[in-house]
Amino acid sequence: DAKARRNLGAHYTGEDNILKVIKPLFLDELWAEFHRIKGNRNKLFEFHKKLRTLNFLDPACGCGNFLVIAYRELRLIELEVLRRLYPANLSSQSLWVAEAVQVDVDQFYGIEIEEFPAQIAQVALWLMDHQMNVRVSEEFGEHYARLPLVKSANIVQGNALRIDWQSVVPRAQLSYILGNPPFVGKK
């Protein structure tokens with residue numbers, strides 16, 4: 001109910017507002033880097049490796065909206081990299097999609113105080129993974145599904161004000177912290 005949600009600080013953030021946060025945080029820079037190097041295969045391979053090393057934490061993730069949109073956007077960048085590395089007109093090249101797709105849900109971490117939203121965040125990331133895998137399949141004409149589900153997002157149920165965030169993701173591995181923390185009023 002609305003009162004319980006307000007007391008928990010549970011607020012839904014729409015995609016437009018999520019993009020207002022993640023574009024200047026990391027997306028704009030990644031796209032700029034991609035456009036600078038898109039003509040250089042060696043640099044594209046290195047950039048692709050870099051995408052796989054990025055890790056994201058939403059310490060008040062709720063149902064995972066920030067994580068899901070960030071994951072989708074990272075996969076869209078990866079798709080552009082794959083298009084450049086494996087153009088359709090190179091019929092002599094065989095793309096093994098399962099080996100080519102590197103970005104995965106295990107790069108995403110969340111902390112959520114309530115069990116049900118934490119479970120939804122986990123499943124929502126898998127659903128976005130499936131949708132992006134379908135796009136890759138359509139793009140390259142090779143069916144790709146990550147089954148069985150071996151990797152998963154790292155969604156921890158707990159109070160982000162009390163839990164040691166390094167127990168969720170070590171600081172040295174963390175690239176970005178994002179999200180919309182519980183907020184009530186202007187103070």
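A: Let's start with the pair H3 and H4: their crossing is left-handed (the near helix is turned anticlockwise from the far one by less than a right angle; clockwise would be right-handed). On the H3 side, the contact is made by Arg41, Leu44, Phe45, Phe47, His48 and Leu51, and H4 answers with Leu74, Ile77, Glu78, Val81, Leu82, Arg84 and Leu85 (contact means heavy atoms within 4.5 Å). Sorted by class, that's nine nonpolar residues, one polar and three charged (Ala, Val, Leu, Ile, Met, Phe, Trp, Tyr, Cys and Pro count as nonpolar, Asp, Glu, Lys and Arg as charged, and the others, Gly among them, as polar).

Before going on, some ground rules. This is a predicted model, where local features need pLDDT of at least 70 and side-chain atom pairs need 80 or more, while totals for chains, interfaces and linings use all residues. Numbering runs from 1 along each chain as its sequence is written, and side-chain values use heavy atoms, with hydrogens and water left out.

Back to geometry. H3 and H4 pack at an angle of about 155°, and their axes are 10 Å apart (axes are lines fitted to C-alpha atoms, for helices over the stretch in contact, and angles run from 0 to 180 degrees between N-to-C directions). That makes the two roughly antiparallel (over 145 degrees; under 35 is roughly parallel, 65 to 115 roughly perpendicular, and the rest oblique).

Now zoom in on histidine 48, which sits in helix H3. It is buried, with a relative accessible area of 7% (buried is under 20%, exposed over 50%, partly exposed in between, with a 1.4 Å probe and protein chains only). Leaving aside neighbours within four places in sequence, histidine 48 touches Glu78, Val81, Leu82 and Leu85, plus Ala100 and Gln102.

H2 and H3 (residues 41-53) come within 9 Å of each other, axis to axis, and cross at roughly 160°. They are therefore roughly antiparallel too, and H2 passes H3 in a left-handed crossing. Here H2 brings Leu30, Glu33, Phe34 and Ile37, while H3 uses Lys43, Leu44, Phe47, Lys50 and Leu51. The tally is six nonpolar, no polar and three charged residues.

That leaves the pairing of H2 with H4. Helix H2 (residues 15-37) and helix H4 (residues 65-85) pack at about 25°, with axes 10 Å apart. So this time the two run roughly parallel, and their crossing is right-handed. From H2 the contact includes Ile18, Leu19, Ile22, Phe26, Leu30, Trp31 and Phe34, and from H4 Phe66, Ile69, Leu74, Ile77 and Val81 are among the residues involved. By class, there are 16 nonpolar, one polar and five charged residues in the contact.

Stepping back, the protein has six helices and four strands (DSSP runs numbered from the N terminus: helices are H or I with at least four residues, strands are E with at least two). Along the sequence, the order is α-α-α-β-α-α-β-α-β-β. Of the 187 residues, 42% are buried, and residues 24 or more positions apart account for 84% of the contacts with a separation of 6 or more.

Aspartate 129, in helix H6 (residues 115-140), is buried at 3% relative accessible area. Apart from residues up to four places away in sequence, it touches Tyr71, Arg75, Asp104, Val105 and Arg146.

Glutamate 112 belongs to strand E2 (residues 108-112) and is buried as well, at 10%. Valine 156 is 44 residues away in sequence, yet the C-alpha atoms of glutamate 112 and valine 156 are 6.3 Å apart. Past its neighbours within four places, the contacts of glutamate 112 include Ala60, Cys61, Gly62 and Val156.

Finally, alanine 153 lies in the loop between H6 and strand E3 (154-157), and it counts as buried at 4% relative accessibility. Alanine 121 is 32 residues off in sequence and 8.4 Å away, C-alpha to C-alpha, from alanine 153. Not counting residues up to four places away, alanine 153 touches Val105, Asp106, Phe108, Gln122 and Leu125.
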